[in-house]
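Please keep the structure in view while reading the points below.

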Amino acid sequence: MLEWVVVWVLLASGLGLAATLAHHFLAPQVCIATTLLTVIYARCTRGRGSLYTLSGVKPKHMILLILVCLFFRLPAFNHVQGGQDEGVYVNMANYIERTGSLVIWDTPLEQLQGTSFVERYLAENRNLSTDPASLNAGSYLGGVYTRSPTGDGLYFQFYHLFPIWMALAAGVFGTTFAVYALTLFALLSVVFLYRLTLVLTGSSRAALIAGLLLALNPLHAFFSKFPVTEVPTLAFSLIGFTYLALFWRAEDGSRHRRWLLLSMLSFGALFMTRISGFMYVPFLIVVAVVSAANDADRMRRKYMQFWVLGVVALYAVSVAYGLRWSHQYALDIYRASFGRVFPSHWQVGVAALVVVALMAWSGLVALAQTGMRPRIDRFIVVPLRRAVAPIVLISLALGIYKIYQLGWTAHYQGDGWLDTQWGLAGSHWRAVKASSLAAFFVYTGPLLPLAFLGLVLRRQREPRIEFLRLFSAGFFVYIVLLQWTIPYGPYYARYLLSEAVPYMLLFTVAAWACMPRNGVRRILNAALAITLIYSVTATAGQLGKNESEGVYQSLAQLLAPVDKGDIILLDTLAAGAPDNNQLKTPIVYTFGLTAVTVSGGSLADHAYIAALNARYDEVFMISQSATVPTGYESMGSTRFRVETYEWNHAFPHKLSVSEDARLYLYRLVRPIFPFGHPESFKAPGAWNEWLTSGWSDPEAGGVWSSGAHAEITIDPRQLSHVVQGVRLNFEVYGLVTAGHPHQRIQVSVNGMAAGTHDVVYPNNLIRFDVVVPATDMVSSNAIRIAFDLPDAVSPQSIGINKDPRVLGIQMRMLTASPLDPVSQLSSAPAAGAVAPVAPDKHKLH
């Protein structure tokens, strides 16, 4: 049944990813197709199981592990607010489930193209990259990149398999259940750690202890509720290694090649989940070389080479995928990772390294087929095994020295990350607490890291445990030398989770299970027991504390009056306002609404608001101000309260309020006609509601009168109040030809004659003024401007075309200005400046 679960998970991953890239993701259909294919697989492999694969598995152990795991992992955190990695993943998932695709556009920018407001929009809604070494053009939101600084094409930052899994959960169970895909992977990781330990040691007791250590681990428990990729990555790697170990250990008659295929596909899913899969490749090549040199089973040697080749090929596919679908992010990560090794021309250095590694691998495997196997073992494998202990010791010493340099010397003063950003340089013991080495003890207890170090320094007789020793030692070196600082926890501690902590637990338990019963083993017994007690105590501190609880419900309540065709103005650039990323990301990608970030200056720019109003059904505004803006009406409010775990260097146990504000929703009911800015009556048009009678439907050039009489009606509250009234300058196109050379326009304002104007062929364009006195503007009555057109005719009657409508003029533009040019507005517009956007938190790079 575990195999069927794995097949279902791998098929759902592949079908979900393919459907998303094809822009046709439908969660129920993906799940149904996956189930049908899994049933076919089960029927085709029926009777082909192995007695060995079931030996030692105790259902009561599995049930216990699942229940313990769920006890400490429910409920999951619905991190719908944006700005951080977890919010990006959740919003990406909701967008995929809602649209079936990964294609995203900056739709307001697309709507504003061709207007004079593009630069204003870009200034307030884009963040251009300020890092000269970065390859990205900038961002639209935290985690949403722009394809060009001024283009409307966007794309999500990360790899997409994990969000697709959350989209599957959302599509089947509902939006708020998306994060429970993470619970599935948490269960899989615990179950397969148990299963892998059982394969490696043959001891169900050791397997149960390993499973409990992971199920109770405070780091694993936290990130099983916190939607980032470490737990899915761990689950896929444990599945892959489990089926590899099954194949390697099974007897020739019960060895199944499909296990290698499942293992390969699991690692392929890992590489599509997290970009750091390149860290696995060196260990895989070691597996191939050691197998070729040491394994006496010829057939197994052959299949192991195919397995490593297949996994490396899948990693190459994932690299191509990242460069295609998350181009700038992938390049930034590769540059940050390999730029330290190859400071200049890192692409060339990586390419050369890959060529050398492949040549060495193929050369050593070829030599192993010619009787050189003993020499390969003697000169390569044995020195490699001997080198593990000194490398670990030297790395540990260097790591401790780096911590000393950070806390007690000026070595890192001026460092942009460690000093400027986090103030760790010269911070003494705070630098120690901010190290990965210290976090290792925090999340595994005071004794198990010491036991691990003692065991990893000794070579293991069993080849399976020896490879595990090499693998766990490699990631230990990584965290003490490369990823050696954790600015704050628990969020940055996640870099210990996908490999270092769980494989350290696995290696320690496996080595303990293979030890003879002596005094050292009894000491380890006590260490394991104390670690279990410590883990229960530390993990229990998370019970009842749900990070970001209620945020989705608050936003859903606030946004209930807004429809898909509306637009929301986000007044989030002022000091003290909620972070723009936090609000805008879920509004756009989870709720599927259109939002524009605006400054105070933009809110006071009536022309800009009118341009947006013309392109959307209704205009709403979200603000922290309780004062209803002029021309708007209140639509309600909600409390936006975000609780997060405290930033510290202990295990997660205490929540604090990171955001607490009341948000108000307003709806624009009376847009203000701007002074000095020509406004059109095109389709779409912000002022077409003024066309009360005698007009045709608005067209691309303007709106034609229909008949001999037309009227516009203006709400005086939509005109800015001035001392002596308003001058309205109309630009109209008259229907005149050589055979119909005159078009008279008789204008009246509220029944009072306001002038007569003639359009005379061949000049068919005319501009004229209509004065609205101040007394009309302060009246509660509407301003009615009438146009009598005694010369209106149909284009058909004068031989222009077959249009039978009776037309006189086409209203094109209207410009308003104070009647007295030196008069001032009664209230000056509020000045606004674009505030800097807060930096994103918890980012991988």
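Helices, taken as DSSP runs of H or I with at least four residues, and strands, taken as runs of E with at least two, are numbered from the N terminus. On that basis the protein, which is a predicted model, contains 30 helices and 20 strands.

**Overall make-up**

- The C-alpha atoms of the protein fill a box of roughly 110 × 60 × 55 Å when the box is taken along the principal axes.
- Of the 845 residues in the protein, buried residues make up 56%.
- Among contacts with a separation of 6 or more, 75% are accounted for by residues 24 or more positions apart.

**Nonpolar cores**

- The largest nonpolar core comprises 238 residues, and those with the most contacts inside this core are W307, Y334, F476, I568 and Y589.
- Helix α9, covering residues 181-201, gives the most to this core, contributing 15 residues.
- When neighbours within four places in sequence are left aside, W307 is in contact with L244, L260, S263, M264, F267, L284 and V287.
- As general background, nonpolar side chains in soluble globular proteins tend to be buried together.

**Packing of helices α15 and α16**

- Helix α15 (residues 298-325) packs with helix α16 (residues 327-338) at an angle of about 120°, and their axes are 5 Å apart.
- Angles of 65 to 115 degrees count as roughly perpendicular and those over 145 as roughly antiparallel, and α15 and α16 are therefore oblique to each other.
- On the α15 side the contact is made by Y315, V319, G322, L323 and W325, while α16 supplies H327, A330, L331 and Y334.
- The residues of this contact between α15 and α16 divide into seven nonpolar, two polar and no charged.

**Aromatic rings**

- A search of the whole structure finds 69 aromatic pairs.
- One of them joins Y321 and W325 in a tilted arrangement, with 6.5 Å centre to centre and 35° between the planes.
- Both Y321 and W325 lie in helix α15, where they are four residues apart, about one turn of the helix.
- Because buried means under 20% relative accessible area, Y321 is buried at 7%, whereas W325, with a relative accessibility of 23%, counts as partly exposed.
- One aromatic cluster is formed by F77, F222, F223, F226, W417, W422, Y488, Y491, Y492, Y495, Y645 and W647.

- A27 has its place in helix α2, which covers residues 27-44, and A27 is buried, with a relative accessible area of 4%.
- Apart from its neighbours within four places in sequence, A27 is in contact with A167, L168, G171 and V172.
- The C-alpha atoms of A27 and V172 are separated by 6.3 Å, although these two residues are 145 residues apart along the chain.
- Q582 is found in helix α27, covering residues 580-590, and Q582 counts as buried at 6% relative accessibility.
- Not counting residues up to four places away in sequence, Q582 touches Q81, G82, F640 and E659.

Terms used:
Residues are numbered from 1 along each chain as its sequence is written. This is a predicted model: local features need pLDDT of at least 70, side-chain atom pairs count only at pLDDT 80 or more; totals for chains, interfaces and linings use all residues. Side-chain values use heavy atoms; hydrogens and water are left out. Axes are lines fitted to C-alpha atoms, for helices over the stretch in contact, and angles run from 0 to 180 degrees between N-to-C directions. Angles under 35 degrees count as roughly parallel, over 145 as roughly antiparallel, 65 to 115 as roughly perpendicular and the rest as oblique. Contact means heavy atoms within 4.5 Å. Ala, Val, Leu, Ile, Met, Phe, Trp, Tyr, Cys and Pro count as nonpolar, Asp, Glu, Lys and Arg as charged, and the others, Gly among them, as polar. A nonpolar core is a set of buried Ala, Val, Leu, Ile, Met, Phe, Trp, Tyr and Cys residues joined through side-chain atoms within 4.5 Å. Buried means under 20% relative accessible area, exposed over 50%, partly exposed in between (1.4 Å probe, protein chains only). Rings of Phe, Tyr and Trp (its six-membered ring) pair if their centres lie within 6.5 Å; planes under 30 degrees apart count as stacked, over 60 as edge-to-face and the rest as tilted.
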